[in-house]
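Here are my notes on the charged contacts and the metal site. Please read them with the structure open.

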Amino acid sequence: MTVLTGRHYLTGDPVRVTVSGPTVAAVEPWFDAPPSETLPWLAPAFFDLQLNGYGGHDFNVGAWSDEGEVSDEIAPIYELAARTGTVQLMPTVTTNSLERMEQSLAALASVLDADPALQRRTPGVHVEGPFLSSDDGPRGAHPRSYILDPDWEIYRRFQDAAGGRIRLFTLAPELEGGLEFIERLVDDGVVVALGHTAASPAQISDAVSAGATVSTHLGNGAHGVLARHPNYIWEQLADDRLYATIIADGHHLPPSVVKVMARAKGRSRLALVSDAVSIGGLAPGLYKGGEREVLPSGRIVLAGTPYLAGAGHLLDTGVANLIRFAGVSLADAVTAASTLPAQILGLTPRKGSLEPGADADLIVFTLPDDGPARILQTLSFGEVIHAG
Ligand SMILES: [Zn+2]
């Protein structure tokens, strides 16, 4: 039995949270608490639907290692995530040759099979590619040479390599066979997200009718210059059937766009993702054989270009930025980083809530005047996995 004390993230009231084994047993008022502004916040832990790697480690093992070695790549990413308040996370495998994508998925599967603590922090794997737009802009940093039209046999190969763990799939619905592919994925229990797309507004709407429920990092993976309206960004923003994920790292979207997207989607349809990549969190310089660069600001670009090549910040930064950029409450920002991601995967209220009976994936944190949230303690299923 563990008792945590602090301010409830939704109400601001001092509470005592009793954790019994892996579960929240009770959430009770804390009557003799010190003044509440001196207390840290208590909240469900962050939940990241899109994490490619971090701190020099890569979930895309197959992309950078000829042997596709599992090596020690995977566990350190979970460790770094825990320090920043993220417990549940979806390793994200991105466009490469089919063989290398399969290698990455198989490497993940073998590590997770062997490590129950990591497995239970993994609600599934996210595959982003190779069924994406080949247009410059929408394609982002996904290599054009590996872009393909949707193919069910390829999906089956990926799912086999991943041990059936693929739960989220990002694709461009306008590709040949896209709508039928979406329907089949949904029938197979996979959540379908639209991203890296150049679809017309009608194609977006058709994709949603076919079962897509999420926009992946809305506003990124898009043309640099786009018809003012109509276009696929407005269409996705306006479609209340779609959740939007956004990257609020301070580089992928200007603060004004974060604010407008937060207002358009509201607290019931907006989720934060990190989309962090392996060189995120590393010192400024060139990496990946000089292809990628970390700038002094932490911004990550294709070296020598202005094009972003993934994010360098995790959800402790995203939550703080969402509050500052969009003027939303701490309650709404935490909801976007914990409850909504869980809801997208159909895992609420067991995940992403601070209620009796929920899994005790919890954080204790403070929010400084600038910079990321400061995570004092992180619990996964009631076990302390980080104490700062
Ligand atoms: Zn992307």
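1. Lys 288 pairs with Asp 58 in a salt bridge, with 3.7 Å between the closest N and O atoms. Lys 288 sits in the loop between strand 15 (285–287) and strand 16 (292–294), and Asp 58 in strand 7 (residues 57–58), so the contact ties together parts 230 residues apart in sequence. Keep in mind that this is a predicted model. Asp 58 is buried at 7% relative accessibility. Lys 288 is partly exposed, at 24%.

2. Arg 267 and Asp 332 also form a salt bridge, 3.1 Å from N to O. Arg 267 belongs to the loop between helix 9 (255–265) and strand 14 (270–272); Asp 332 belongs to helix 11 (residues 330–337), so parts 65 residues apart in sequence are tied together. Both partners count as partly exposed: Arg 267 at 46%, Asp 332 at 22%.

3. Arg 350, Lys 351, Asp 359 and Asp 361 form one network, joined by salt bridges that share partners.

4. Arg 139 meets Asp 136 in a salt bridge at 2.6 Å, N to O. Arg 139 is buried because its relative accessibility, 14%, falls under the 20% cut-off. The whole structure holds 14 salt bridges.

5. Which residues coordinate the zinc ion? They are Glu 128 (OE), His 196 (NE2) and His 217 (NE2), at 2.0 to 2.1 Å. Their spacing in sequence is E-x67-H-x20-H. Glu 128, in strand 9 (residues 125–128), and His 196, in the loop between strand 11 (191–194) and helix 7 (201–209), link distant parts of the chain, 68 residues apart.

Key. Residues numbered from 1 in each chain as written. Predicted model: local features only at pLDDT ≥ 70, side-chain atom pairs only at ≥ 80, totals over all residues. Heavy atoms only, no water. Donors = N, O, S within 2.8 Å, 3.2 Å for Na, K, Ca; no water. Helix = DSSP H or I, 4+ residues; strand = E, 2+ residues; numbered from the N terminus. Salt bridge = Lys/Arg side-chain N within 4 Å of Asp/Glu carboxyl O. Buried < 20%, exposed > 50% of the residue type's maximum accessible area, 1.4 Å probe, protein only.
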